[in-house]
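Please keep the sequence and the structure open as you go.

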Protein chains: 2
Amino acid sequence: MKAVIFNNNLYVDNAHKPPEIQKDWAIINVNKAGICKTDLELTKGYMGFKGILGHEFIGTIKNCHDDRMIGKRVAGEINVSCGHCEMCKKNLERHCYKRKVLGIQGLNGCMAEYCSLPLANLIEIPSEINDDRAIFIEPLSAACEILEQVKLSGEERVIVLGDGNLGILCSWVLSTVCSNITLLGHHRSKLDLSKWNNLKITNNVDDIKPGADIVIDATGSKTGLSVAISLCRPRGIVVLKTTISQDHSLNLASLVIQELNIIGSRCGQFKDGIKMLLNNPDMPLERLISCKYPLEKATEAFKVAKSSESIKVILENIC
Amino acid sequence: MKAVIFNNNLYVDNAHKPPEIQKDWAIINVNKAGICKTDLELTKGYMGFKGILGHEFIGTIKNCHDDRMIGKRVAGEINVSCGHCEMCKKNLERHCYKRKVLGIQGLNGCMAEYCSLPLANLIEIPSEINDDRAIFIEPLSAACEILEQVKLSGEERVIVLGDGNLGILCSWVLSTVCSNITLLGHHRSKLDLSKWNNLKITNNVDDIKPGADIVIDATGSKTGLSVAISLCRPRGIVVLKTTISQDHSLNLASLVIQELNIIGSRCGQFKDGIKMLLNNPDMPLERLISCKYPLEKATEAFKVAKSSESIKVILENIC
C-alpha cells in the first residue's frame, strides 16, 4: 500500500506492507488524513518516531471481529492503552503508562491506504458531519479538553495566543461558553478566517489589557508561555496547549509571585469533539482547510503545511 | 536607630532615621527577625530592592492610634495593599496591583530597632507561642498557603523537594493532612533535623518511586522544577514554592503530555500559620534555628545564612 514514512527523512513508500488484523483491532480504509503541527515536529526528530506518520483521519472500517461495524465511517482515538495500569484503572487511559499513540509513539499512523487501531478506539461519525468537518474531530477534541480541565462560569476574560489550527479551534470552542475571548496572532489572513461567534481578534499584543482570567498558549513558540504569563491576572490560569520539543529559557519568578496555575493540556475525548460539531453546525471549520493533496504528493503537502500561512493541509483520495 | 541596609552592598547603619507614625499605621519595636532565602536573593539584586531588609519578625507595638494595641506582641503580614484595586476587591489583597511588601518591594523592612506597618497588618501572638516559635509564622503561613490552593483528601502521595527552611516547613504542614510524605534533600544533617510526624526522608532521588500525586518544589534551584515534573504522575500537581530570579532552561513538553498542573505559591495568611502553631505544639520548629546573632553582627549572620548547612538564622536582642 501507499504510505507516508518518516525514517530520518520523509517519503512516500508505494509498496508498504499493509497492517494485519489482530484480535480486537480493526483495519480501516483511510479516506482523509490531516497534517498537524505535531507531525511537523516529528519530522524534526520529536519523540524519535520512525514509521508511518499521521494521527488525524477519517476512514471506513474494512475488517474487524464485529461484522456490524464493517463499512462504518469512523474517526479514531489516538491513544492505545494497556487497560491494566494505574492510569487505566483511574479512567485516564489517555495517560496509560504503556500507551502507544497512532503515528506518534510506537504505532504506525494513518497517512496510508490502511491503518489499524483497536475497535474500541473507533467512533462512528454521525451522518450530519461531512468528511471536511469530521477531519477536525481530533484537534477539536483536544480543544474541548480545556473545558474538561478548567471549569468555566462563562464570565471569564480569556485570551488565546496563536492563530494556527489549534489556537483558532480553542478560541471557537471557548467562545461557546465564554463571551469575552480575544485571539492574538501574527497573521492577518488567519485572524480574518477565525472570525466567528463574536471572537475578538488582534495581531498586536499592546491592544490587550493584561490581567486576563485565563490565557491559552497555543503558539508552539518558545516565547508563548512568557507572553501568556505576562497577560494573566494573579491567581489566574494559563493553559499550555502546544508542546515544544526543545529546551528553552524561561523566568518563572512571576508564576510564583502571581500564584498562577499552569495547566498542561493534550488530547481530548472524541465524544466531546463530535458533540461540539453536532451542537455547532455553523462553526466554520471548512475555512481552516488551506489545501488538499493526494497522498502521493505528501512531501509537497508537508512543505505547504510548514508555511506560516497554512492552517490545515489535508491528504485525500487515499484509497 | 540600628538597621540592616542593602544598597548595592550589605551593612549595618547605626544611625538610621526611625520610621515616623502615619495614619492607620503602627510603629513596632522589633524583638527578633529571621533571615530568609528571599533576603539572600535580594542581596544579589532580586527585585532591585534598596533599603532596610527583613520581612520575618516578632515585635511589640510601640505606637499606634489604638491605645489598646500598644504593648501587644505581634507578627505582621508583609503585603501592604491599596484596598481599592480589582484584586483587593476580590479579597486577594496579597496580590494587590499596587502593593508594597515589607523589606522586599517599596517598603523598609524589619531588620532594625523599629519598623512600621499598617495596624491592620499586625496580628497578636497568643501567649502559648514563644518568640522562637513565633518567628516562623511568616514562612509557616507560606507553607500553609499550599493547603489553601490544593484541596487534599489526605490519601495523596506527596514529595517535597528541598531541605531548606521552607521545604521542611512544607513537609511538616502537609504531614498534618497527608500520611504519605517524602522529603528529598541533599543535606543529611538537615534531613535528620526534619524527622517529625512520620515524614519519610531521603537524599537519593532514585529511592523515590515516580508517579506521585503532588510534588512541591522548594529547592530554589534551577533544576528543581524539572525534577518535580519527572516525579509527578499524569494529571498530578506540582507546586512551585520558591522563586528563581534568573532565566533558566526548561523543557516543558512533558508538562503538556502528562497534563500536569503547576501551581505557583507565595505568601500565606498569618491566621493559618498561627492556627498551625497552636494545633501542633510539638512541631519542632526550634530545631530549625541554626544560630542567633545580635543585629550589629548582621553581615556575619547573612554569611552564615548563605551556608548550605544553615536552616534559619535569627537576629535578636534588637531593641
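In chain A, an open sheet is built from 3 strands in the order β2-β1-β4, with antiparallel pairing (strands are DSSP runs of E, at least two residues, and helices runs of H or I, at least four; two strands pair if DSSP finds at least two bridges between them). β2 (9-13) and β4 (51-52) of chain A are the edge strands, each with a single partner, so one side of each has no neighbour in the sheet. This is a predicted model, where local features need pLDDT of at least 70 and side-chain atom pairs pLDDT 80 or more, while totals for chains, interfaces and linings use all residues. Residues are numbered from 1 along each chain as its sequence is written, and side-chain values use heavy atoms, without hydrogens and water.

**Within the sheet**
- Strand β1 (residues 3-7) of chain A pairs with β4(A) over 2 bridges.
- F6(A) has G51(A) in β4(A) as its bridge partner.

**Between chains A and B**
- In contact (heavy atoms within 4.5 Å) are 45 residues of chain A and 45 residues of chain B.
- About 3500 Å² is buried between the two chains, 54% of it from carbon and sulfur atoms (accessible area lost on being put together, 1.4 Å probe, summed over both).
- R235(A), V256(A) and I257(A) supply 17% of the area that chain A buries there, more than any other three residues.
- The interface has 4 salt bridges (Lys or Arg side-chain nitrogen within 4 Å of an Asp or Glu carboxyl oxygen).
- E148(A) and R235(B) form a salt bridge at 3.5 Å, N to O.

**Strands across the interface**
- β18(A) and strand β18 (residues 261-264) of chain B run antiparallel, joined by 3 bridges.
- N261(A) stands opposite I263(B).

Note on methods. Chains lettered and ligands numbered in written order.
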